[in-house]
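I'm opening a notebook page on this one.

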2 protein chains.
Amino acid sequence: MNKKGILVVISGFSGAGKGTLMKELLRRYDKYALSISATTRRPREGEENGREYFFKTKEEFEQMIADGELIEYAQYVSNYYGTPKEYVYKCLEDGKDVILEIEIQGALKVKEKFPQTLLIFVTPPSAEELKRRLVGRGTETAQVIANRMNRAVEESAYMDQYDYLLVNDDLDAATVELHELIQSQHKKLSENLPFVGQIQKELEELQK
Amino acid sequence: MNKKGILVVISGFSGAGKGTLMKELLRRYDKYALSISATTRRPREGEENGREYFFKTKEEFEQMIADGELIEYAQYVSNYYGTPKEYVYKCLEDGKDVILEIEIQGALKVKEKFPQTLLIFVTPPSAEELKRRLVGRGTETAQVIANRMNRAVEESAYMDQYDYLLVNDDLDAATVELHELIQSQHKKLSENLPFVGQIQKELEELQK
């Protein structure tokens, strides 16, 4: 029916498994594009411009803000992070559903600008499980784990601002559920107004 | 997650294939219950009370209206048709997603009373195809076909009041799409507020 893509924002607690879920979604289905953020932080070993991030100088980034080229942006630890419009729009026009993996404040800004955006919050099945996953990684200090748990408490206050909640208990099931959830949105009436107008016109013509 | 069922209203043009679609949905998945209407019209050959309809006298039906026992009702050709609350509520409590196959005016009344209701409009892929199906049945007179086409024109004016549009081109595909669409609704934030409250509480306790 409608050929244009849908803008999807995915947020969730650190440790909810968003990254793995996104990778699996893109590996299985070719309908999706992952939005690439712009940032002023330096590339890490192995990162490529235009793959992990669009790497920008502070001046370039501020020029993008001034020119209205970002859907949303924020500053963390003296670096800018933002979502360039151009790549997102191009993918949507190509009929891809575009996934933005961003944190809550950014997500709410995007929804405000584009109310049609689908906001999905990814969560582990319980708080205990979230803690278990954070500890289980074994790579983080107690302080980092405590910080993430504190942040999760803060973030949980905004969960009810999202459209849908996806419980990531099993990667395989969650990937399929996420795919079905996004594809169902293509059936929204508001996504199909041209089809509705067309069939109304055709019916009237056949009635004559 | 949430265990209570969802109320789903399915409408669509006569000839859209709703009946076959419902049968196929119920045959394949055991999560659904089809609401049974009450009516004052007489049972036809082979119809059973409590299966096709709850057959009522005019007095019984009007008592049900007076007692607020119907979710919606309407009068057609001097007979009443309505949706009894009791059966629907019982199925929802049992965790079944309950499907009401009713026409547009009834659908909009249900949505007004229960804003959480999922309204789905089923349509053939084109007006030409709708006409072809109506003619193709071979059982209807030209007048009946013309009446149905006129009614389709009237009904098409209300399509945009629905939440989702389901194009029934292929029975197999439409059945799966309908199932996925309804199941996705269980992930709505508004359907998961107890889970959200629970995880917020747990996170705060773990933070201490």
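**Entry 1: α8(A) on α6(B).** I began with helix α8 (residues 193–207) of chain A and helix α6 (residues 142–156) of chain B, which pack at about 150 degrees with their axes 9 Å apart. That makes α8(A) roughly antiparallel to α6(B). The axes are lines fitted to C-alpha atoms, for helices over the stretch in contact, and angles run from 0 to 180 degrees between N-to-C directions. The crossing of α8(A) and α6(B) is left-handed; the term means the near helix is turned anticlockwise from the far one by less than a right angle, and clockwise would be right-handed.

I then listed the residues that make this contact (heavy atoms within 4.5 Å). From α8(A) I get A:Gln200, A:Leu203, A:Glu204, A:Leu206 and A:Gln207, and from α6(B) B:Met149, B:Asn150, B:Ala152, B:Val153 and B:Ser156. By class, the contact of α8(A) with α6(B) has 5 nonpolar, 4 polar and 1 charged residues. For the classes, Ala, Val, Leu, Ile, Met, Phe, Trp, Tyr, Cys and Pro are nonpolar, Asp, Glu, Lys and Arg charged, and the others, Gly among them, polar.

**Housekeeping.** This is a predicted model: local features need pLDDT of at least 70, side-chain atom pairs count only at pLDDT 80 or more, and totals for chains, interfaces and linings use all residues. Residues are numbered from 1 along each chain as its sequence is written, chains are lettered from A and ligands numbered from 1 in the order in which they are written, and side-chain values use heavy atoms, with hydrogens and water left out. Helices (H or I, at least four residues) and strands (E, at least two) are DSSP runs, numbered from the N terminus.

**Entry 2: α5(A) on α8(B).** Next I looked at helix α5 (residues 127–136) of chain A against helix α8 (residues 193–207) of chain B, and found an angle of about 50 degrees with the axes 8 Å apart. So α5(A) is oblique to α8(B). A:Ala127, A:Glu128, A:Leu130 and A:Lys131 meet B:Ile199, B:Glu202, B:Leu203 and B:Leu206 here. The residues of the contact of α5(A) with α8(B) divide into 5 nonpolar, no polar and 3 charged.

**Entry 3: how are the two chains related?** I superposed chain B on chain A, and a rotation of 180 degrees with 0.0 Å of shift along its axis does it, at an RMSD of 0.0 Å. That is the relation of a two-fold axis. In chain B, the C-alpha nearest the axis belongs to B:Glu180, 3.1 Å from it.

**Entry 4: α1 and α7 within chain B.** Staying inside one chain, I took helix α1 (residues 18–28) and helix α7 (residues 171–185) of chain B, whose axes come within 9 Å and cross at roughly 65 degrees. They are therefore roughly perpendicular to each other. The crossing of α1(B) and α7(B) is right-handed. By class, the contact of α1(B) with α7(B) has 8 nonpolar, 3 polar and 3 charged residues.

**Entry 5: A:His179.** Is A:His179 buried or exposed? At 15% relative accessibility, A:His179 counts as buried (under 20% relative accessible area; exposed is over 50%, partly exposed in between, with a 1.4 Å probe and protein chains only). A:His179 is in helix α7 of chain A and touches A:Leu25, A:Tyr29, A:Lys31 and A:Tyr32, not counting residues up to four places away in sequence.

**Entry 6: the β5–β6 loop.** I went looking for positive phi outside glycine. A:Ser78 has a phi of about 65 degrees, sits in the loop between β5 (70–76) and β6 (79–84) of chain A, and is exposed at 63% relative accessible area. In chain B, B:Val77 has phi near 45 degrees, lies in the loop between β5 and β6, and is exposed at 77%.

**Entry 7: B:Leu70.** B:Leu70 lies in strand β5 of chain B and is buried, with a relative accessible area of 6%.

How values were computed. Copies are superposed by least squares on the C-alpha atoms of residues with pLDDT of at least 70 in both. Angles under 35 degrees count as roughly parallel, over 145 as roughly antiparallel, 65 to 115 as roughly perpendicular and the rest as oblique.
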